[in-house]
Every structure is written in C-alpha cells, then in structure tokens.
Amino acid sequence: MSAANKSSQKVTPVSTGNPRLRAERELRHIADVVLRIAKARGVPGTEVHVEEVIDALTRFANNIIHQNVAEHGVTVSIRTILDGRTARVTTNRLEEDALRAAVEDCLSLAASQPKDPSLLPLPGKQRYRQVNRFTAATAALSADDRARAVKRACDLAEKNGQVAAGIFSCGQSQTVLCNSRGLFASYRQTQAEFSATMQHASAASWAKANAGDVRAIDPISLAKTASDKAARAKDPIELEPGRYTVILEPAAVLDLIGFLFYDFSATAVDDRRSCLSERVGKALVGKNVTITDDVFHPEQLGAAYDGEGMPRQRVTLVDQGVIKNLVYSRRSAKKARTKPTGHGFALPNEFGEAPMNLIVAGGKSTVEEMIASTDRGLLVTRLWYIREVDPYEKIMTGMTRDGLFLVEKGKLGRAVRNFRFNQSVLEMLRNVQMLGPSHRASAEESFEMVVPAMKVTQFHMSEVTKF
Amino acid sequence: MWDYCGHSLDIAKLRGATYADVRVMHHRQRDLTTKNGEVGTLGQMESIGLGIRVVVRGAWGFASTDQMTREGVAACAAQAVAIAKASALAKKENVQLAPEGSYIDSWQGPCRKDPFEIPLETQLALLLAADEAMRRINGVTLTEADMQFRKIDSWFASSSGSKIHQRRITSGCGIAATCFKSDAIQKRSYPNSFGGQHILGGYELIERMELVKNAPRIAEEAVALHSAASCPQKTGTLILGGSQLGLQIHESVGHPIELDRVLGQEANFAGTSFLTLDKLNHLRYGSSIVNVVADARIEHGAGLGTFAYDDEGVPAQSIDIIKDGEFRGYLSSRETAHLIGLQRSGGTVRTEGWNRLPMIRMTNVSLLPGTWKFDELIADTEDGILVETNRSWSIDDRRYQFQFSTEIGWEVKNGKKGRMLKNPSYSGITTEFWNSCDAICDAEHWVLWGTPNCGKGQPMQTMGTGHGASPARFRNIKIGTAFANE
C-alpha cells in the first residue's frame with residue numbers, strides 16, 4: 001500500500017488565504033541561533049543572512065489563464081571567517097541540527113582553501129537611512145484579484161479581435177543581516193508587476209509596469225496601450241538596414257543601459273574587463289547624459305545596504321558625459337584607498353560590486369515632441385535578446401520587438417519589420433538629441449531603473465528579419 | 001518524502017482536484033571559482049521543498065512550500081486548489097491531458113565519482129593550477145576558472161498512481177583567459193565559454209577535461225588575438241566547431257520546436273515560433289544530411305537533458321525533430337500532445353526546482369553525426385572560415401533571424417587551416433542556414449555539449465539542456481556582420 005493510501009482522508013482545516021511574512025523577530029531568532037552555534041564552535045567571524053520570500057504569479061496566454069503559481073520559502077545563508085579564509089553555505093532547513101550542520105560545512109569549506117591575506121574582517125555596527133517599501137495592499141493581492149484583472153485584459157483583447165498574453169505578479173519579501181561583530185540590518189518590501197502582449201494577427205505590441213505598490217499599476221490601461229499599438233503594428237513594411245534616428249521608449253533605453261552596470265564596478269575596472277578601464281575621468285558620452293545610483297529615489301526598490309551590510313551611498317556615475325565615479329565594496333575600496341559605497345555583493349565572490357539602482361537624468365521632451373521633431377526615424381517600443389558583441393566598445397546586438405514604427409516628417413507612420421541592431425552603447429549615449437522625463441521603467445533584459453525616453457541619431461540597424 | 005507527497009495529493013483530491021501531481025525535490029549545489037590565482041566564489045547550497053500542481057474545475061493551479069511538515073504540505077495543496085479555482089475565472093476549455101501509464105520506479109543517473117565526496121582541497125588545487133598555468137603567459141590580464149556540481153533528488157507522485165524517485169548529479173568546469181590591450185578585450189575559454197562543459201555525471205568529467213594541460217594554449221590564443229587579422233565581412237563558407245554548433249542547435253532548432261511557444265503560451269516573454277502547426281511534416285528545415293533528435297534517454301549519452309522520466313512522470317523518449325532535412329516533430333507535454341495529433345506526450349516537461357511549475361523544455365536536442373573526418377572536411381574546403389567557442393548569441397522572438405559571434409576563427413584556404421582571425425561573427429535566417437549545411441563530421445568528433453543556463457518561463461526558470469554536435473560546414477553564410485559599421 002502506498003503512503004498516499006495510508007494518509008488521512010479528512011480535510012485538514014488550513015487557510016487558503018495569502019501567506020504572510022513572519023514577524024521580523026522570528027528571522028532574527030534564526031540568525032541568533034546560527035551566531036550562537038558558531039560562537040560555541042569558536043568561529044572568529046560569522047555573518048548570517050535570513051531571507052523570506054512569498055511570490056505569486058498569474059500567467060495568461062490565448063486569452064485564458066494557463067499558469068498560476070505561488071511560492072513561499074525561507075533561506076539562511078551563513079558565511080564564516082577563519083584565519084584569513086571565508087566560505088558561504090546556504091540552506092532552507094531551519095531546524096537547529098540543520099543549522100549546526102551548515103555551520104560545520106561552512107567551516108570545512110573555508111578551511112579547505114589557501115589563506116587570503118587581503119580578506120577583511122567583518123564590518124561592525126552601521127547606521128542606515130530607513131526606507132519604507134512595504135504596502136499592505138500589495139501583500140493582500142489575491143489569486144482572485146489577479147484573475148479578475150487578467151480577465152479584463154483578455155476581454156479587451158477579444159473585443160478588439162486580439163490575443164492577450166502576459167503576467168500579473170505580486171510578492172513580498174524580508175531579510176535580516178547580522179554578524180558576530182554586532183551588525184544588524186533588516187528590510188522588507190512588496191512588489192507587483194503587470195505586463196501584456198497583445199497579438200493582432202501576425203503583429204504584436206507590449207506594455208509593462210513594475211512597482212512596490214500595486215496601486216501604482218493600472219493593468220487595463222497597460223493592456224489598452226499594448227492593444228492600440230498592436231492594432232497599429234499590423235502589415236509592417238520592410239526598410240533597408242542602415243543608420244537611423246531612433247526614438248527609444250524607456251523600456252528600450254533601460255535594456256541597453258542595463259548592460260553598462262557591471263562596468264561601473266571598481267573590481268571590473270581593476271580586472272580590466274570593464275569598458276571603463278583607463279577611461280574613468282574622461283568625457284565618454286554626451287554632455288546631456290548624467291547617471292546616478294540612488295537606492296533612496298522614491299521610484300526605486302531594494303535594501304539600503306549591501307551584501308556585507310554596508311550602507312548604500314548615492315553615487316554619481318556619469319556627470320554631464322564624464323565618467324565620474326565607480327562603486328566600491330569594502331575590498332575594492334581598500335585596494336583603491338577610498339571609501340566603500342555600499343554596493344558590494346555578498347561574499348565570497350569574484351565580481352565585487354555593481355550599482356543596482358540606476359537613475360538616468362531626464363529632460364522635458366515628450367515622445368510626441370520627439371516624433372514631431374523627426375524628419376525620418378523609427379519609434380522603438382522594446383528590444384529583445386541583447387548580448388555583448390564587443391566588451392570594450394560596448395557594442396551590443398539584439399532585436400527590436402513588439403512595435404517598431406516609421407516616423408516621417410514629424411508623424412508616426414507605418415509599422416516596420418523588426419531589425420537586428422549592432423550598436424555601441426557608448427556611441428549611442430554620445431548621440432542623444434532629446435530626453436523625456438525619467439520614470440521607473442521595466443523591461444525583460446535588465447532590472448528596473450528610472451530612465452527617460454531618448455531620441456538618438458545614427459543608431460545602427462544592421463539586418464532585418466521576416467516580421 | 002512519499003508521505004508528504006501522498007498527503008498533499010490526498011488534500012488536493014479532497015478539495016476538488018481532478019488531477020494532481022507533486023514533486024519533493026532536494027537540491028544540493030557546490031560552486032567554486034578562482035580569479036587571478038585567488039579563490040573567488042566558494043559556496044554550497046541546499047534546498048528542499050514541495051511543489052504541487054492541480055487541475056480543479058478544468059484549470060491549473062500550482063503552489064510550493066519549504067514547510068516540510070504534514071501541516072505545511074497540506075496548506076500548500078489547499079493553496080494550489082484555491083489558485084486553480086481563480087484560474088477557472090478566465091478559462092475557455094477544460095485542461096486535457098494525454099493518457100499516460102503509472103510507474104513506480106527509482107533511477108539514478110551515471111556518476112562514477114561523486115563530486116561532493118571529492119575533497120575541496122583537490123578541486124581548488126586543480127582550479128588554481130589551471131589558473132597559474134594561464135597567468136604564466138605574458139600579456140594575460142585576467143584568469144578565471146570554475147567548477148559547479150549539483151545533486152538533485154526528486155520524488156514524483158501523481159493522483160494516477162505514479163511514484164518515481166530520480167537522482168541526477170551534474171558536473172561542470174571551465175577556464176578562461178582574458179587579455180586587455182590598448183583599445184580591446186580578447187578572451188579565450190576552454191572547453192567552452194560561459195562556464196565550460198557540463199554533463200550528467202560526476203568528477204570524472206573534470207578529470208577528463210585536462211584543464212591544466214589546455215590552460216597555456218588558450219592563454220596564448222587570448223594574447224595572440226590582438227595581433228590577428230579581423231574577420232572579413234563577406235558571404236562565404238563557414239565551418240562551425242562543435243560547441244558553437246551546439247548553441248546554434250539550441251537557439252535555432254531547440255527553442256522553435258517547443259510546442260508551448262508555438263501555441264502562444266510564451267508570447268509575452270520568450271516569444272513565439274516560426275514553426276506554426278501547418279509546418280509539421282511540410283517544411284524542409286535543413287539539407288538532406290541534417291538529422292536532429294530530442295533524446296532524453298541514457299542511450300543518447302549522459303547530457304544535461306538526460307533522465308528516466310520527465311517531471312510529469314512520462315518516460316524518456318527519442319523524438320525525430322528533423323529527419324533527412326524534413327521537419328518531423330515538436331517538444332510536447334501531456335497537455336499539448338493532442339493538439340498535434342499525438343496519443344502521448346513526448347516527455348519533455350521539466351522543472352528547475354520544487355518551487356517552479358514544470359514546463360516544456362529541451363532535453364538533449366542533438367544533430368546526429370555525419371560521415372566526414374574533420375581533417376577531410378578542412379582539406380575539402382577551398383575558401384572558408386572556421387570559428388570556435390561562442391562569444392555572443394542572439395535570435396529574434398520567432399527564431400528566424402540570428403547572429404552569433406565567437407571567440408576565435410581561422411582562415412581555411414586551399415584545404416588548409418591558415419591564419420588566426422579575431423572578432424568572428426555570422427548571421428542568417430534559420431531555415432536558410434540549415435539548408436546550406438553540406439558536411440557534418442562523424443561520430444568520432446561528436447560531443448554531447450551541456451548548456452547549463454537556458455532561461456524560460458515566468459517566473460524565470462534556468463534549465464540545463466544537452467546538444468550533441470560535431471563540426472559542420474555551411475555555404476553562402478553572411479560572415480562578419482556584427483562588426484560591419486554600415
């Protein structure tokens with residue numbers, strides 16, 4: 001007889017409502033157990049991250065919900081430092097014996113390697129500027145709520161003779177970070193996302209939004225935007241490849257600039273794998289381009305501390321076209337004889353650090369004004385499958401997708417068959433003619449940023465595809 | 001584990017599920033990297049949990065939990081049922097599943113040397129030795145080496161009576177040397193880029209790869225690339241090395257044949273496919289020497305797409321994808337099989353872990369060997385370019401137009417491999433490319449390459465896939481497009 005047949009046939013009274021995050025003190029208790037075990041074992045330095053994640057995602061296609069999922073988990077990640085050696089062990093087994101075993105495994109890993117003379121001791125207590133990024137309305141969003149919103153998007157598609165696909169997701173997470181030198185940091189946030197692709201015969205278009213507060217997202221408005229553009233995207237004409245003036249909507253800007261973020265890592269520059277090697281301090285892009293990293297920006301999400309618990313600083317990366325600053329972990333800062341900026345990844349790692357909360361300064365031009373000022377060009381909704389062709393000139397290749405339109409004599413014209421591009425991002429940022437206002441944008445190739453739409457000249461469309 | 005599986009299935013059925021399947025998965029992973037002679041990443045991860053998929057009122061729901069108690073898995077099953085009821089708010093037809101037998105089985109993939117039993121000191125010493133061998137070459141500015149091991153136990157049970165335990169151990173390793181000089185960065189990797197070679201198996205792979213022996217060669221090539229001629233821009237003959245051809249198969253055959261993509265289920269993210277249903281058995285995909293299979297059976301080799309049962313409990317199969325150049329088959333699931341007239345799923349549904357919904361994924365999508373010896377292929381080529389080791393890859397969202405660049409290339413002139421070329425790239429349209437294939441090397445040159453980083457789905461799932469390939473020749477290919485400026 002199977003175990004299944006031995007099971008109780010009674011319906012266990014369980015809640016079917018949204019799971020809730022544990023109280024922060026429960027996560028802190030888990031961390032304290034690990035610190036106590038490590039201390040009893042005589043470990044000189046111990047760091048513990050405890051993270052809880054609750055996510056749910058409703059996925060639709062062909063005007064129905066075809067996937068609908070939820071997950072809930074807690075992970076404990078332990079780093080020990082032992083005589084100039086460090087290692088990390090991560091587990092989701094929370095019982096004390098399992099945590100003790102994880103500490104032992106971590107010590108064993110650490111002891112197996114050569115001593116690292118440049119390994120830093122753990123940081124002590126830090127002070128953090130608080131950010132509040134948890135909204136009860138987002139945490140309370142139910143599967144039924146998501147299904148009803150999706151149904152409205154699907155109904156709109158059907159009414160317009162289209163086929164809808166997309167997602168509506170919501171999540172809540174919290175983390176605590178402690179170490180044996182008394183550092184304690186904690187953070188929790190909610191996040192919601194809606195995206196819709198509307199297919200109109202063989203054409204398609206897309207819209208997406210992501211926010212910490214679900215009330216900032218209007219699913220039906222996004223669906224309508226995608227639907228209107230999809231209707232306009234039918235019967236595309238084929239244009240010759242070449243250099244075009246392009247009006248990049250924020251999602252397209254984000255996906256290209258996102259590939260620069262590792263280049264601002266001091267470790268990457270030190271490794272000479274960054275496109276900024278031997279270029280810091282130089283005017284590399286246009287004077288109208290300023291990029292900062294700012295976790296405190298009201299449209300950003302994320303904790304105000306890094307993987308070691310160092311407070312994140314606001315850093316100006318590009319100031320009016322000049323590569324002004326890099327970001328530093330404690331280790332890379334010490335090597336460069338400067339201060340850490342709070343951008344380090346959890347140790348040990350070989351990558352160092354990176355800015356994760358990019359803000360590209362905007363301008364005042366609307367997309368409509370960019371169109372009106374363009375004699376001949378292309379409006380680009382979204383990019384796809386972007387990959388690096390040349391790491392130093394930062395030439396990226398990829399495709400346009402879900403809505404490419406001809407702009408002629410100041411007016412939006414016919415849809416155009418999608419192009420492949422091979423374009424240096426650095427060159428692109430030297431050719432920015434107009435900037436829109438900056439807002440939080442979301443795409444699929446990079447993380448969310450606060451970016452403007454851009455009008456860029458001489459963008460290199462190298463080949464054309466069949467649709 | 002079976003008790004958790006059984007209890008969650010019972011709860012799902014009692015709450016109205018007409019079908020349910022559950023996976024308890026225990027995932028262990030070890031990652032080691034070195035950089036410039038120092039340890040980079042050194043970590044282990046363990047994760048255990050349960051995911052349950054249910055059909056209620058004809059619609060799907062899925063929930064997962066790491067609360068491995070009877071109460072925890074019961075709550076998870078109840079949540080999956082509630083989610084399925086919400087899905088039913090926006091459905092048109094009931095989910096239909098192709099019939100499948102029930103199986104009680106236990107299977108373990110091949111593994112001669114459990115990598116988790118090999119001392120870490122041994123593993124790190126090997127990486128550091130390879131790293132040092134690369135750093136000895138003048139001009140190298142960055143050296144990297146890595147190993148990755150995974151051990152995944154899964155317990156699958158379904159409301160139709162299957163109970164299947166599988167253990168899969170995978171191993172991977174690679175090294176890379178980078179040279180920054182004046183205004184360019186050149187990089188060489190071995191045995192493949194982006195993490196090296198990965199297989200279903202144990203530490204025997206690492207020993208077989210001879211990382212230290214190959215380290216000086218790739219470091220020298222990284223430096224030499226700076227002095228090499230640039231790859232010309234032209235239309236001509238292209239010979240792809242095996243690992244690059246493996247990725248070409250992955251992008252231009254493996255993804256377009258995913259039936260969920262064809263049916264529009266991935267339209268919002270990964271995209272759709274040019275392989276619409278009318279093309280099945282009616283499209284000349286490639287030249288007559290092109291034969292591609294999707295084969296998850298161990299007989300095909302120990303690849304990242306090898307298993308005994310997929311994550312719907314369907315036994316591993318070999319499916320003809322391209323037969324003598326004709327398009328013959330898709331990757332299917334129990335839910336999609338009937339839509340192409342199949343009586344049974346092709347057994348290609350896989351999940352990244354306990355907290356992810358199983359979905360159609362590549363297994364081992366492989367180009368079967370041809371008849372050529374590599375030396376004969378070169379000798380038979382009057383004017384061509386040989387390229388190896390992927391550097392970048394990109395293809396449109398319907399899988400027509402692609403562009404790849406590789407780390408290195410060589411001229412082939414009058415039947416001889418000639419001077420080194422830097423920055424090689426090529427592009428094309430999928431079916432035109434495969435129809436231009438006129439020579440494929442034989443089984444002696446065939447390697448089942450592992451792609452450990454295939455992303456698909458929302459939330460994103462990363463899956464390992466296998467791609468058997470031997471070097472092959474293609475005619476009239478656009479070469480050098482990535483660096484063409486106008």
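Which residue of E3(B) does His72(A) stand opposite? I looked it up: His72(A) faces Thr65(B).

Before going on, a note on the model: it is predicted, so I take local features only at pLDDT of at least 70 and side-chain atom pairs only at pLDDT 80 or more, while totals for chains, interfaces and linings use all residues. Residues are numbered from 1 along each chain as its sequence is written, with chains lettered from A and ligands numbered from 1 in the order in which they are written.

**Strands across the chains.** I take helices (H or I, at least four residues) and strands (E, at least two) as DSSP runs, numbered from the N terminus. Strands pair if DSSP finds at least two bridges between them. E2(A) and E3(B), the latter covering residues 59-65, pair in the parallel sense over four bridges. I also found Ala70(A) opposite Ala63(B).

**The chain contact.** Chain A puts in 82 residues and chain B 82 residues, contact being C-beta atoms, placed from the backbone, within 7 Å. Strand E2 of chain A (residues 64-81) gives the largest share of chain A's side, eleven residues. I sorted that side of chain A into 30 nonpolar, 30 polar and 22 charged. Here Ala, Val, Leu, Ile, Met, Phe, Trp, Tyr, Cys and Pro count as nonpolar, Asp, Glu, Lys and Arg as charged, and the others, Gly among them, as polar.

**E3(B) and its other partner.** Strand E2 of chain B (residues 38-56) runs antiparallel to E3(B), with seven bridges joining them. Val56(B) stands opposite Ala59(B) there. The two strands make a hairpin with two residues between them, and Arg57(B) in the turn has a positive phi of about 55 degrees.

I then checked burial, where buried means 20 or more other C-beta atoms within 10 Å of a residue's own, all placed from the backbone. Seven of the seven residues of E3(B) are buried. Ala59(B), Gly61(B), Ala63(B) and Thr65(B) point one way, Trp60(B), Phe62(B) and Ser64(B) the other. In a regular strand side chains alternate between the two faces of the sheet.

**Two helices in chain A.** H2(A) (residues 24-40) and H3(A) (residues 96-111) pack at about 55 degrees, axes 10 Å apart; I use axes fitted to C-alpha atoms over the stretch in contact, with angles from 0 to 180 degrees between N-to-C directions. The contact includes Val33(A) and Ile37(A) of H2(A) and Leu99(A) and Val103(A) of H3(A). I get six nonpolar, no polar and two charged residues in the contact of H2(A) with H3(A).

Note on methods:
Two residues are in contact if their C-beta atoms, placed from the backbone, lie within 7 Å. A residue is buried if 20 or more other C-beta atoms lie within 10 Å of its own, exposed if 12 or fewer, and partly exposed in between; C-beta atoms are placed from the backbone.
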